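Work through these exercises on helix packing and surface patches. Try each task before reading its solution.

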Amino acid sequence: MAAGAGALAPVPGVPSASLHEFPYPPQTRPRVSGGSPAGGVPPATDLVLGATAGCLACVLTNPLEVVKTRLQLQGELQPPGTYPRPYRGVLRALGAVCRADGLRGLQKGLAASLLYQGLMNGVRFYCYSHAEDAGWTRYPGGTVAAGAIAGAVGAFVGSPAYLVKTHLQAQTLSSVAVGHQHNHESISGAFESIYRQHGVAGLWRGVTGAVPRVAVGSAAQLATFASAKDWVCEHQWFREGSWAAVLAGGMVSGVAVAVTMTPFDVVSTRLYNQPVDADGTVGPFGEGDDGEQGSSPDPCATGAPLSPGQALPGVFGLCPANLQQRGAAGLVQGHRRRLPPPRPTHRPQPLLLG
């Protein structure tokens, strides 16, 4: 090649060095126009894809969300064996929901669930895509940190929708009601009622439980998915890049999410569903079935507003009343347990307007 402007000078000691053999340093994550990595998608596309995927999955999983919500609210802060159990296990709980609310009851709160999944997952994938573009995930622990931060931001944005979803999914007939009954007529009526009574801040009530919930789940999901997919490919169980490898990675990460997120999920559901007075005072989510408040000085079992120092233990389910009455197993409420029959006579909780 003749020497000239733009020509590559020969490399000493390397005869006839071609362009592919030229010792350039490796270029990591080359970019194309628009700021997205070559071969990838821009963050805006991640937002749309994440929101769409979350909504499609929500349609199939919403019946299980209804059952999960009621299992988690069943026997709030009540000693084992002292409360009725209308919901026993997943299959029998599905049957109980159908008997009380009909088949449509399995899709209670679907509109709010779709709104939540669209907002939370869209924002989560958008933020994580930006973190990837910025190179955060190339550092040790960067994937976990980026996933946690993206999940926390998504949880904050979608918190009002999750609040309404929890209220609507908990509503049912008084004979099988668990937790406080807010009695919303519709998703629009729920947003209007909460805003009218408690203002904008009322729409974000319970967000302190949602942020660690989604942050932990998002970090576990994004950290385990790629590792699990690569692991099954290295062991030659599935061909790299095949749909089976992606499915296997997704199943493993799903189990990791369920295990790590369930304790936070129980606390979050109860924080969202607890009653609130007209003046904004938060009622105890451990309120008994008769609606009477206990005399415990524990801030988690009183109606007094919580300071940040008092609220932190409540977010992580570490309130003394919670641990004393239900034990550590109460943090994973929703699993099947064999309990003795109720001893005292149960008085159904009245349906209260929230």
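The model is predicted: local features need pLDDT of at least 70, side-chain atom pairs count only at pLDDT 80 or more, and totals for chains, interfaces and linings use all residues. Residues are numbered from 1 along each chain as its sequence is written, and side-chain values use heavy atoms, with hydrogens and water left out.

**Exercise 1.** Describe how α6 packs on α7.

Solution. Helices here are DSSP runs (H or I, at least four residues), numbered from the N terminus. Take α6 (residues 207-234) and α7 (residues 243-273): their axes lie 7 Å apart, at an angle of about 165 degrees. Axes are lines fitted to C-alpha atoms over the stretch in contact, and angles run from 0 to 180 degrees between N-to-C directions. α6 is therefore roughly antiparallel to α7 (over 145 degrees).

**Exercise 2.** How do α4 and α5 cross?

Solution. The axes of α4 and α5 (residues 187-203) come within 11 Å and cross at roughly 125 degrees.

**Exercise 3.** Which helices supply the nonpolar patch?

Solution. List the members: Leu115, Leu119, Trp136, Ile149, Val153, Phe156 and Val157 make a nonpolar surface patch of about 590 Å². Now assign them: α3 (110-133) and α4 (142-170) each supply at least two residues. α4 gives the most, with four. Valine 153 lies in α4.

Key
Parallel < 35°, antiparallel > 145°, perpendicular 65-115°, else oblique. Patch = residues over 30% accessible without salt bridge, like charges linked within 9 Å, V, L, I, M, F, W, Y side chains within 5 Å. Areas by Shrake-Rupley, 256 points an atom, 1.4 Å probe, with all protein chains shown as cover. Salt bridge = Lys/Arg side-chain N within 4 Å of Asp/Glu carboxyl O.
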